[in-house]
Amino acid sequence: MPALEPVDGLRVVATPAALDGARWEGADVDVLRIAPDEALGIGATGVEVDDADAIVEPEAGFAVALLGPEYVSLGAHTDWPIPDEPGALAQGKIAGVPAKVLVGDPTLLVVQTAYVDELRERLGW
Amino acid sequence: MTDAPADVGGRIVVDGRPIEFANGDSVAVAILRAGEVPAHGGCLCLAGDCGNCLAEVDGVAYVRTCQVVARPGTAVERHPLAAKPELPTTDLRDLTRFPIATAVTVRRVEAPLAVVGREPSTRGAVVLDAQVGEEVVGVYPGPSIVARELLGMLHLRAEEVVIATGTTEIQPVCPGSDLAGILTPRAAERLTEARVDLGRVARVGRELVRFDGDDRGHVTAVVTRDADGTDVATPCDTAVVDLGRAPRDVLARMTPGDVVRVVGSAAEEHPLPSAPTVPNAVVCPCMGTTVGDLAIAWDKGYQDLELLKRASWAGLGPCQGGACLPHLRSWIAARTGGPPPDPFTARPAARQITLAEAAADVAIDAFRRTPLHDEHLALGARMDRFGGWWRPWHYGDAVAEYWAVREGVSIGDVSTLGKLVVSGPDVVEALERIYPCHVADIKPGRSRYALLLNERGHVMDDGMILRDAETRFTLTFTSGGAANAEMWLRDWIETWGLRVHVMDRTMSLAAINVTGPFAKRLLARLGLEEAPRFLGHVRAEIAGVPCHVMRLSFTGETAFELHHPLDGSVGLWRALMDRGRDLGIRPHGLQALFGLRLEKGHVIVGMDTELDTTPRRLGMDWAVRMEKPAFIGRASLERTAKLPETRRWFGFSMDGQAPTEGSPIRSVENGEIIGNVTGSWTSPLLGKALMLGWQRRTPFADKVEIDGRQAVVTPTPFYDPEGHRARA
């Protein structure tokens, strides 16, 4: 069964333009643009954004599972289409639990740690 | 209609008696082959359109037996003739014996085009055909289709839906139309193909006057009328009635719109039958509505098809108007002398489904767990769902937890509190508009309690405003109200076009409340060299964990909330428990916390409040600064302040044990219910029952009756009214 493990990173709320031009520091940073004015940099250790009022906070509230092509099977637990384009980010409920899917190689299933146990139980992981 | 099946497939059991069936028989055909009827009479279509073959099959009521393939052992129970089938019952005294439902699986499919029925010109589409066991339950906005398959349910999402369901056959409405032995032409054809002996067959069309029957309720003759007005009876064992066809459009009527197309004969207009005239003739076999019932409803003023449907119940039954709709339209046209009305709408389940099928793959709300969940379990906590989270209700002894707070030190998991960070050049302006208290004068490092009001001045939530810097604040909210509060803030900030960033940290930070007379001493041991004064807040490392330390109090004692990163939470909790051992530390759960707050008279929004609770009704005018020129809810509060007070939240006390929360509050004069208890606690310290609750009658009483005892209105806080202990 895939492992859902807590991850560290940075969460940034800033103007959309500032986020577009953000420079993330860290190895293998996966950036999830979860809203026009908000981004989650998984694995990020630093970030430069051109917004004096940006909110930048360390983030340890998410867990990630790395999935191969079998990620499409998550569609059995959603009432929204699971994307297939690399780089696509989808957000919605999986088996009734709020989650995010970032398509890639591997594909990231991202869920807030408060929901991890619930999602594991519902997916039978 | 009796015949031995040529190719015996096995036996089904009907009302406890075995009946042989031939391979390929539906349950209805097998029963007809045995010379019986699947239900109690009425014209059979054997196409799933009428409700005249409904029975209980394998424990499921209202099943169209013509649509179920007979299998060895299939158990059929006819529904009662003049009553509803009984619901499955259970012994409610022993819920552990409640029958466990079988989970129904769901297959999800997406397609550019879905066709319901047979439409030969639509290649590449997903085709749902009832004849191969795909029974469409409904077509919904989206569009999406829910269908019952052989192995479960199908949830199909399509960009376009084509309904090509063809036509139904019009049912007779005349005296005797509820007799057994009456078939539509297609049904007769099916039975003939299945080599079921129909006996003497009389075919009849629009010249039909009535059916005659015998004592068993079976048709014996078809009566027609000659040109000279003479009734002619044609003896028969089976009557086949051809009254024309009507569109099979129940699914189309369910979801109108551009993305749902009806094609073929389902989209065509077909001649309506003659308007039924005989008062005791049954128009709606499902509901038993007669022509006379229609007339009564019409004469009462229900002179519209939708109204007539609701008033007479015609069309409300399992077949959704499949049998009665053409007759109703014809009957209304005859009454008004105008064109027939458009068909009525269809409810969103064209087929009766079980609760398990309806609920298949529906997920209940997910309840969140704090990073301390396992710590609570290890400490023997009884966990409960509260405000969208799993939270410890108590750790085995709520009173001991209470005393630890009042006399020693205790810790509680408050990670569930809503936490927002707001920042930007317009942040003070935004918060001044949103909150009814002053914000601009909160200095960095200080905080203020605040209510959150809606435009009507009703209390939505409450929490703290903590100023981190000139243009940056931390806001806290209740656990259950956090998500709504966040949306509220974002919505207003965007509406006003203010330059404010909002970050929700509710699930990114954990929080532990350290409270009690020894709280400060415990935190000093773990590195808090200079504790903030009351309503102050600082950043500090506690046991090596970076914390935002907030000095406030919900318990009435000295209290510090330590907001910290999730990954430091278990370590911090254990360090507090470890270093607080000699101080008598205990964790406290919600039960003790609710008692502690009740003694202080603190409100819990959502538990004590109603949807239209104002600060005045709570006695919390002090939290509203009407001298501010503008804030959300101000205009309403100004207006309603001039109105007489009709409700107020009070404290009550009485001897003895606390009553159940929610208990009615009664007038001592006449016993009338004048309010209810919202919070209740037997105070270990004060030795009596303390309550918070509403009085909804004026003049407000000083004495009331709760739980059969006299209680007196008592000013709050019940405990430490000057607040010395929280500030100590």
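Begin by selecting Ser447(B), which is found in strand β26 (residues 447-453) of chain B; helices (H or I, at least four residues) and strands (E, at least two) are DSSP runs, numbered from the N terminus. The model is predicted, so local features need pLDDT of at least 70 and side-chain atom pairs count only at pLDDT 80 or more, while totals for chains, interfaces and linings use all residues. Residues are numbered from 1 along each chain as its sequence is written, chains are lettered from A and ligands numbered from 1 in the order in which they are written, and side-chain values use heavy atoms, with hydrogens and water left out.

Is Ser447(B) buried or exposed? Ser447(B) counts as buried because its relative accessibility is 7%; buried means under 20% relative accessible area, exposed over 50%, and partly exposed in between (1.4 Å probe, protein chains only). Leaving aside neighbours within four places in sequence, Ser447(B) is in contact with Ile442(B), Met464(B), Ile465(B), Leu466(B), Leu535(B) and His537(B), where contact means heavy atoms within 4.5 Å.

Next, select helix α11 (residues 482-496) of chain B, in which Trp488(B) and Trp492(B) lie four residues apart, about one turn of the helix. A search of the whole structure finds 11 aromatic pairs over all chains. Trp488(B) and Trp492(B) form an edge-to-face aromatic pair, with 5.7 Å centre to centre and 75° between the planes. Rings of Phe, Tyr and Trp (its six-membered ring) pair if their centres lie within 6.5 Å; planes under 30 degrees apart count as stacked, over 60 as edge-to-face and the rest as tilted. Trp488(B) counts as buried at 13% relative accessibility, and Trp492(B) counts as buried at 18%. Now display Phe386(B), Trp393(B) and Phe594(B), which ring pairs link into a cluster.

Proceed to Lys309(B), whose charged end sits over the ring of Phe344(B), 4.2 Å from its centre. Likewise, the charged end of Arg385(B) sits over the ring of Phe367(B), 5.2 Å from its centre. A charge sits over a ring if NZ of Lys or CZ of Arg is within 6 Å of the ring centre and within 35 degrees of the ring normal.

Finally, select helix α2 (residues 185-193) of chain B, whose buried residues are Arg186(B), Ala187(B), Ala188(B) and Leu191(B). The buried residues of α2(B) pack against α1 (27-33), β11 (167-169), β12 (182-183), β17 (238-241) and β18 (245-247) of chain B. Just after α2(B), Arg195(B) takes a positive phi of about 60°.
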